[in-house]
Amino acid sequence: MTSLVDKARRYASKAHASINQRRKYTNDPYIVHPEAVANIVASVPHTQVMLAAAWLHDTVEDTQSTLDDITRHFGNEVAELVAMLTNVSGNVQGNRIQRKNLDRQHTAKACASAKTIKLADLIDNLRSLVTHDPDFAKTYLVEKRLLLAVLKEGDATLWQQAEYIINDSLQRLHQPPYNVPGSWFQGTEQMYLAGE
């Protein structure tokens, strides 16, 4: 591991721990998520800058860190990727559909490296969502299927993996004990598209 990546790991660990951030369903220290994202990015063609940004991808969105902090500690390249990975809807008024559409439009403009990290983020977040929270998973999967459409410039292997997880999760929700009708997903997706 290069010093840049190790520095990013230590910085992210400290930033997320400073607010005692935890994973929603497991209560694990939050840093297990950036670690998983970095490991997924490391499994495909990548750069050290991408790995550093993978560790840092939620720091600006979730902690006291700012993009200026990231630039000062890690340089412009890393900070630019983190900016592309940071949701822009945080301070925006509006309903969930409006906020998620805004974030998706922001992600659509990201470079291929940022989209690869976003795919890794999506994969880790989706791994056990249906098991932990099938009700929220319904809406989240619709959002992520729409997001997937703007991530095609990211790594092809990760894109296929994410697509498989989304489709498999949707299939699981169609079946017992959930029995969510296909029309629910189609109707919800149309609401997002109409809100663009």
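Here is a short walk through a few side chains and the contacts they make in this predicted model.

Let's start with Q21, which sits in the loop between helix 1 (3–18) and helix 2 (32–42). With a relative accessible area of 16%, Q21 falls under the 20% cut-off and therefore counts as buried. Its side chain makes a polar contact with the side chain of D62 at 3.0 Å. Leaving aside residues up to four places away in sequence, Q21 touches H16, D28, P29, Y30, D62 and T63.

Now for the charged residues. Side chains of opposite charge can pair when their charged atoms come close. The model has nine salt bridges, and one of them joins D6 to R10, with the closest N and O atoms 3.3 Å apart. Both residues lie in helix 1, four residues apart, or about one turn of the helix. D6 and R10 also belong to a network of salt bridges that includes R9.

Other pairs reach across the chain. R96 forms a salt bridge with E143, the closest N and O atoms being 2.6 Å apart. This pair links distant parts of the chain, as R96 is in helix 7 and E143 is in helix 10 (residues 134–148), 47 residues apart. R96 is partly exposed at 28%, while E143 is buried at 5%. E189 pairs with R145 in another salt bridge, at 2.9 Å between the closest N and O atoms. E189 lies in helix 12 (residues 182–194) and R145 in helix 10, so this bridge ties together parts that are 44 residues apart in sequence.

Finally, look at the surface, where V88, V92 and L102 form a nonpolar patch with about 190 Å² of accessible area together. V88 is found in the loop between helix 6 (76–85) and helix 7 (96–108).

Notes
Residues are numbered from 1 along each chain as its sequence is written. This is a predicted model: local features need pLDDT of at least 70, side-chain atom pairs count only at pLDDT 80 or more; totals for chains, interfaces and linings use all residues. Side-chain values use heavy atoms; hydrogens and water are left out. Helices (H or I, at least four residues) and strands (E, at least two) are DSSP runs, numbered from the N terminus. Buried means under 20% relative accessible area, exposed over 50%, partly exposed in between (1.4 Å probe, protein chains only). A polar contact is a pair of N or O atoms within 3.5 Å; within protein, one must be able to donate a hydrogen and the other to accept it, and residues adjacent in sequence count only if both atoms are side-chain atoms. Contact means heavy atoms within 4.5 Å. Patches are made of residues with over 30% relative accessible area and no salt bridge: like charges are joined within 9 Å, nonpolar side chains (Val, Leu, Ile, Met, Phe, Trp, Tyr) within 5 Å. Accessible areas come from the Shrake-Rupley method with a 1.4 Å probe; for residues, only the protein chains shown count as cover. A salt bridge is a side-chain nitrogen of Lys or Arg within 4 Å of a carboxyl oxygen of Asp or Glu.
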